[in-house]
Amino acid sequence: LCPPFALKDVAIAWLVRNGLTSKQEAAGKWQTMFRNKVKYLHFLLQDNHGMFWNTAHPPASYGLCYQRLRTFVLSSKKCYRDELQQVLYPVLVQLVVELIRYENGNGLKIAAAHELLDAAKQDHYEEHSNEYLALRGIFKREHLDESLVLRSNSNTTVSLSPMSSQLLTDFIRED
């Protein structure tokens with residue numbers, strides 16, 4: 001898997017992003033700031049959960065992540081499968097948006113986002129054709145902010161029963 005970010009880099013970026021110090025000041029005193037104000041450390045870890053392991057995911061890993069989730073959902077018992085299937089499309093959209101948002105100019109992440117959409121087309125196109133086509137038509141990071149369809153559907157909430165929620169949580173922890 002990919003190497004984790006250094007705590008120093010994440011901490012300095014967080015301090016600057018939250019307006020607590022400048023980058024130059026933070027470079028010299030970031031450890032002291034966290035020692036003196038433990039609540040900063042608490043908020044840093046809360047805001048950056050997951051940043052310290054497997055952070056620089058290669059584009060192909062997004063597709064594998066979605067496929068593992070899809071396989072888990074489809075192999076679940078029927079009584080949970082119907083409910084868990086609600087999670088697949090919002091996760092797909094989040095993965096695609098993340099790939100596009102963090103495109104670094106070489107086109108690999110945009111291509112991976114389109115491949116992921118193409119792989120999931122059979123599952124979601126019929127029900128979500130407008131949003132699917134809007135996502136498939138994005139070829140630059142700037143297009144995300146301009147997409148009216150994505151803005152109107154950005155607050156998707158999925159409700160799961162306690163058991164389905166527990167199954168999904170266990171799957172994520174194990175995977």
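**Helical architecture and selected packing contacts**

Read along the sequence, the chain follows the pattern α-α-α-α-α-α-α-α-α-α. The chain thus named contains 10 helices and 0 strands, where helices (H or I, at least four residues) and strands (E, at least two) are DSSP runs numbered from the N terminus. The structure is a predicted model, in which local features need pLDDT of at least 70 and side-chain atom pairs count only at pLDDT 80 or more, while totals for chains, interfaces and linings use all residues. Residues are numbered from 1 along each chain as its sequence is written, and side-chain values use heavy atoms, with hydrogens and water left out.

Of the 175 residues in the chain, 31% are buried; buried denotes under 20% relative accessible area, exposed over 50%, and partly exposed in between (1.4 Å probe, protein chains only). Among contacts between residues at least 6 apart in sequence, 56% join residues at least 24 apart, a contact being defined by heavy atoms within 4.5 Å.

Two packed helices are described by the angle between their axes and the distance between the axes. For helix H1 (residues 7-17) and helix H2 (residues 23-36), the axes come within 9 Å and cross at roughly 105°. Axes are lines fitted to C-alpha atoms, for helices over the stretch in contact, and angles run from 0 to 180 degrees between N-to-C directions. H1 and H2 are therefore roughly perpendicular to each other, given that angles under 35 degrees count as roughly parallel, over 145 as roughly antiparallel, 65 to 115 as roughly perpendicular and the rest as oblique. On the H1 side, the contact is made by Leu7, Lys8, Ala11, Ile12, Trp14, Leu15 and Val16, and on the H2 side by Lys23, Ala26, Ala27, Trp30, Met33 and Phe34. These residues divide into 11 nonpolar, no polar and 2 charged; Ala, Val, Leu, Ile, Met, Phe, Trp, Tyr, Cys and Pro count as nonpolar, Asp, Glu, Lys and Arg as charged, and the others, Gly among them, as polar.

Helix H1 also holds Val10, which is buried with a relative accessible area of 7%. Val10 lies 34 residues from Leu44 in sequence, and their C-alpha atoms are 8.5 Å apart in space. In H2, the buried residues are Ala26, Trp30, Met33 and Phe34. A kink of about 75° in H2 is centred on Lys29, the bend at a residue being the angle between axes fitted to the seven residues ending there and the seven starting there.

Glu103 is located in the loop between helix H5 (78-101) and helix H6 (108-124). Glu103 is buried, its relative accessible area being 9%. When residues up to four places away in sequence are not counted, Glu103 touches Leu108, Lys109, Ile110 and Arg141. A separation of 9.9 Å is found between the C-alpha atoms of Glu103 and Ala113, 10 residues apart along the chain.

Phe171 belongs to helix H10 (residues 162-174) and is buried, with a relative accessible area of 15%. Not counting residues up to four places away in sequence, Phe171 touches Arg68, Leu69 and Phe72. Although Phe171 and Arg68 are 103 residues apart in sequence, their C-alpha atoms are 9.7 Å apart in space.
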